[in-house]
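This briefing is meant to be read with the sequence and the coordinates side by side.

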Amino acid sequence: MPESYAKADGGRVLADLNALRGIGAYKTGVHKPTYSEAHMRSLEWLSMRLPDAGLAATIDGIGNVVGTSAKAGPKLLAGSHLESQNYAGWLDGPLGVVYALEAARVINRDPSIAGAVEVAAWCDEEGHFGHFLGSRSYAGAVTEADIDAARDRNSDRSMRQALQDVGLSGRPRLTAERGRHFGYLEAHIEQGETLESNGLKIGVVTSIVGIWQYRITFTGAQNHAGTTRMAIRKDAGLALARFCVAIDEGFPKLCGPRTVWTTGRITLDPGAPSIIPGAAEMLFQIRDDDPAVIARLEAKLDSMAAEVTARRPCSVVVERLRTGAPAMMDATFQQAIEAASAKFANGKSIRMPSGAGHDAQVLAAIMPSGMLFVPSIGGISHHWSENTADEDIVTGADVFVETCRRLLTQAR
Ligand SMILES: [Zn+2]
């Protein structure tokens with residue numbers, strides 16, 4: 001069978017990305033919170049372009065944009081998101097959506113390729129209102145009660161109000177039609193510096209890390225900072241600080257090669273300069289793609305807490321707030337991305353886990369999924385200066401379209 005060399009149009013991809021950057025522009029990045037005017041205009045922008053790719057566009061009742069094809073044959077779902085973090089970068093999200101659009105434009109009208117790429121822009125991946133609400137809605141995991149409860153983390157506007165304000169309330173929410181897609185493919189900027197620092201062009205994502213979150217509470221005794229002798233203090237703040245140091249000393253002996261941990265927030269109670277804190281709390285997060293590593297680290301936290309409590313004068317309680325099973329990316333997808341990289345990126349690819357969360361981890365629960373990364377300059381993301389070299393964006397588009405073509409050919 002003669003190989004089809006249907007290719008991405010790099011100039012068109014860059015023009016589309018710049019058009020999206022022009023909607024809600026902020027410095028060299030964008031400011032597009034979920035359901036903002038700029039976000040909604042971006043959804044409209046995509047809806048207007050989907051017909052060029054032979055796709056019928058729908059904006060559903062939660063703000064997902066989905067383009068569906070009437071072409072016969074296997075169907076691959078591809079996409080990412082169009083809203084941004086506040087005052088953030090232009091590529092986080094739009095890159096994956098525009099690659100998907102480009103793949104659909106190249107492939108869907110090519111009669112030599114059976115099947116089609118269908119395009120999705122998932123709403124609120126950036127979590128202004130919740131936790132992957134758009135893709136989870138499509139996966140059937142968001143209830144009406146979840147929507148009732150969701151509020152904008154910045155303005156406290158309810159999600160119901162926001163949906164009404166942008167004219168989406170009352171529209172049905174689309175859910176995945178079982179068996180329609182043989183899989184889901186997403187491209188994203190790396191948001192780290194593994195690719196750039198190794199001179200590589202494509203990251204073949206093996207897994208998306210799980211996130212485990214804890215509240216660690218320290219109880220001592222609140223007292224006067226001037227009259228209470230050091231020897232008899234029960235300083236919960238000091239106990240917390242020592243615990244943080246102990247984590248930093250103990251975890252490296254037990255963690256995996258890519259485990260990361262963060263104390264993201266510390267509160268002292270009552271939090272005044274002349275009062276010994278009677279209570280203290282830290283919010284602590286661990287990310288890894290191996291549940292066995294997490295289990296080890298969690299056991300360590302528990303044993304450290306028991307030790308501190310036994311030693312006195314303060315007691316410690318570790319409470320797990322959130323668990324996130326890692327999502328494994330499909331082996332066939334990884335092979336296809338690697339083969340496409342061999343052809344269009346001189347083989348400059350590497351298999352790597354994703355330390356950031358993405359919609360692909362949600363889709364992976366209902367269909368085989370894959371992800372590829374392109375380099376981020378300086379590893380910077382969630383900041384307006386986020387960028388990727390134009391030639392790397394174009395290489396990524398070539399690899400993405402080729403990956404879609406290979407997957408569709410194999411799925412036949
Ligand atoms: Zn993103």
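In which sense do strand 9 and strand 13 pair, and over how many bridges? Strand 9 (residues 210-219) and strand 13 (residues 279-288) are antiparallel partners joined over ten bridges, where strands count as paired if DSSP finds at least two bridges between them. This is a predicted model, in which local features need pLDDT of at least 70 and side-chain atom pairs count only at pLDDT 80 or more, while totals for chains, interfaces and linings use all residues. Residues are numbered from 1 along each chain as its sequence is written, and side-chain values use heavy atoms, with hydrogens and water left out.

- Helices (H or I, at least four residues) and strands (E, at least two) are DSSP runs that are numbered from the N terminus.
- Four strands make up an open sheet with the order 11-13-9-14 and antiparallel pairing.
- Strand 11 (260-269) and strand 14 stand at the edges with a single partner strand each, so one side of each is left without a neighbour in the sheet.
- On average, and with direction ignored, neighbouring strands of this sheet are turned by 20 degrees against each other; axes are lines fitted to C-alpha atoms, for helices over the stretch in contact, and angles run from 0 to 180 degrees between N-to-C directions.

**Helices on the sheet**

- Helix 8 (residues 236-250) lies across strand 9, strand 11, strand 13 and strand 14, and runs at about 20 degrees to strand 13.
- Helix 9 (residues 291-311) packs on the sheet and touches strand 9, strand 13 and strand 14, contact being defined as heavy atoms within 4.5 Å; the direction of helix 9 makes about 155 degrees with that of strand 14.

**Aromatic pairs**

- The structure holds eight aromatic pairs, a pair being rings of Phe, Tyr and Trp (its six-membered ring) whose centres lie within 6.5 Å, with planes under 30 degrees apart counted as stacked, over 60 as edge-to-face and the rest as tilted.
- Phe218 and Phe243 form an edge-to-face pair, at 5.4 Å centre to centre and with 75 degrees between the planes, which links Phe218 in strand 9 to Phe243 in helix 8, 25 residues apart.
- Phe218 is buried at 0% relative accessibility and Phe243 is buried with a relative accessible area of 2%, where buried means under 20%, exposed over 50% and partly exposed in between (1.4 Å probe, protein chains only).
- The rings of Phe251 and Phe284 have centres 5.9 Å apart and planes at 70 degrees, so this pair is edge-to-face.
- Because Phe251 lies in the loop between helix 8 and strand 11 and Phe284 in strand 13, the pair ties together parts that are 33 residues apart in sequence.
- Phe251 is buried, with a relative accessible area of 0%, and Phe284 is buried, with 1%.
- Trp122, Tyr138 and Tyr184 form one aromatic cluster.

**Nonpolar cores**

- The largest nonpolar core has 70 residues, of which Tyr35, Leu46, Leu95, Tyr99, Met159, Ile393 and Phe400 touch the most other members; such a core is a set of buried Ala, Val, Leu, Ile, Met, Phe, Trp, Tyr and Cys residues joined through side-chain atoms within 4.5 Å.
- The largest share of this core, ten residues, comes from helix 3.
- Leaving out residues up to four places away in sequence, Leu46 touches Val65, Leu82, Val97, Leu101 and Ala121.

**The zinc ion**

- The zinc ion has His81 (NE2), Asp92 (OD) and His188 (NE2) as its protein donors, at 2.0 to 2.2 Å; donors are N, O and S atoms within 2.8 Å of the metal (3.2 Å for Na, K and Ca), and water is not among the atoms, so sites may look incomplete.
- The spacing of the donor residues in sequence is H-x10-D-x95-H.
- His81 is buried, with a relative accessible area of 0%, and Asp92 also counts as buried, at 5%.

**Pro172**

- Pro172 lies in the loop between helix 6 (159-165) and strand 7 (183-189) and is exposed, with a relative accessible area of 65%.
- Pro172 and Ile62 are 110 residues apart in sequence and 8.2 Å apart in space, C-alpha to C-alpha.
- Pro172 touches Asp60 and Gly61, not counting residues up to four places away in sequence.
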